[in-house]
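Subject: Structure for your review

Dear colleague,

Please find the structure below, handed over for your own work. My findings follow it.

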Number of protein chains: 2
Amino acid sequence: MYSAEERKVIRELGIRVRQLRDEAGLSQERLAELAEMHRTYISSIERGQQNISLTILIRLATTLEVSLERLFTGI
Amino acid sequence: MYSAEERKVIRELGIRVRQLRDEAGLSQERLAELAEMHRTYISSIERGQQNISLTILIRLATTLEVSLERLFTGI
């Protein structure tokens with residue numbers, strides 16, 4: 001279904017979200033609460049299992065207080 | 001449905017895709033062909049009417065030969 005490149009980016013973005021969440025000192029529960037998402041959704045994003053939409057990316061970036069550009073730096 | 005911030009980013013991303021497409025000297029038809037999407041989908045993305053997914057973002061960035069980071073610079 002997804003190309004190798006797409007799977008790679010989805011996985012790397014999940015790692016980046018986890019990194020930024022750790023840096024912000026937030027648990028998955030707290031990030032989920034702040035970003036108005038379910039905790040299991042955050043968990044599946046971090047495990048590289050979600051082809052998330054632009055609005056979800058925006059909500060994560062806003063909640064983690066980073067730019068979208070920063071979310072994708074080096075990915 | 002979408003917040004003002006989300007609509008703003010979706011609109012700005014559409015403008016950015018158009019800018020990059022123009023810089024690459026590609027018509028909407030040609031970009032659609034290369035990225036394996038329908039021309040009307042490209043058109044609606046550029047008009048800020050699509051909450052596109054990560055895999056679509058990846059395909060656009062790859063086809064336009066820019067990083068995802070560059071796609072979101074300043075947005």
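In this predicted model, Thr63(A) lies in helix 4 of chain A, which covers residues 54-63. Its relative accessible area is 19%, and because the cut-off for a buried residue is under 20%, Thr63(A) counts as buried. Leaving aside residues up to four places away in sequence, Thr63(A) touches Leu31(A), Leu34(A) and Ala35(A).

The next point concerns backbone geometry. Glu36(A) sits in the loop between helix 2 (28-35) and helix 3 (39-46) of chain A. Its phi is near 55°, a positive value in a residue other than glycine. Most residues other than glycine have a negative phi. Glu36(A) has a relative accessible area of 65% and is exposed, since the cut-off for that class is over 50%.

In chain B, Glu36(B) is likewise placed in the loop between helix 2 (28-35) and helix 3 (39-46). Phi of Glu36(B) is near 55°, again positive in a residue that is not glycine. With a relative accessibility of 66%, Glu36(B) is also classed as exposed.

I turn now to a contact between the chains. Helix 1 of chain A (residues 4-23) packs against helix 4 of chain B (residues 54-63) with their axes 10 Å apart and at an angle of about 120°. Helix 1 of chain A is therefore oblique to helix 4 of chain B, because angles of 65 to 115 degrees count as roughly perpendicular and those over 145 as roughly antiparallel. The crossing of helix 1 of chain A with helix 4 of chain B is right-handed.

Which residues meet where helix 1 of chain A contacts helix 4 of chain B? From helix 1 of chain A they are Glu5(A), Glu6(A), Val9(A), Ile10(A) and Leu13(A), and from helix 4 of chain B they are Leu54(B), Thr55(B), Ile58(B) and Arg59(B). The residues of this contact comprise five nonpolar, three charged and one polar.

Leu54(B) also deserves a separate entry. Not counting residues up to four places away in sequence, Leu54(B) touches Val9(A), Ile10(A) and Leu13(A), together with Asn51(A), Ile52(A), Leu57(A) and Phe72(A). The largest nonpolar core has 50 residues. Leu54(B) is among those with the most contacts inside that core, alongside Leu54(A), Leu57(A) and Leu57(B).

Yours sincerely

Conventions
Residues numbered from 1 in each chain as written. Chains lettered and ligands numbered in written order. Predicted model: local features only at pLDDT ≥ 70, side-chain atom pairs only at ≥ 80, totals over all residues. Heavy atoms only, no water. Helix = DSSP H or I, 4+ residues; strand = E, 2+ residues; numbered from the N terminus. Buried < 20%, exposed > 50% of the residue type's maximum accessible area, 1.4 Å probe, protein only. Contact = heavy atoms within 4.5 Å. Axes fitted to C-alpha atoms, helices over the stretch in contact; angles between N-to-C directions. Parallel < 35°, antiparallel > 145°, perpendicular 65-115°, else oblique. Left-handed = near helix turned anticlockwise from the far one by under 90°. Nonpolar A, V, L, I, M, F, W, Y, C, P; charged D, E, K, R; others polar. Core = buried A, V, L, I, M, F, W, Y, C linked by side-chain atoms within 4.5 Å.
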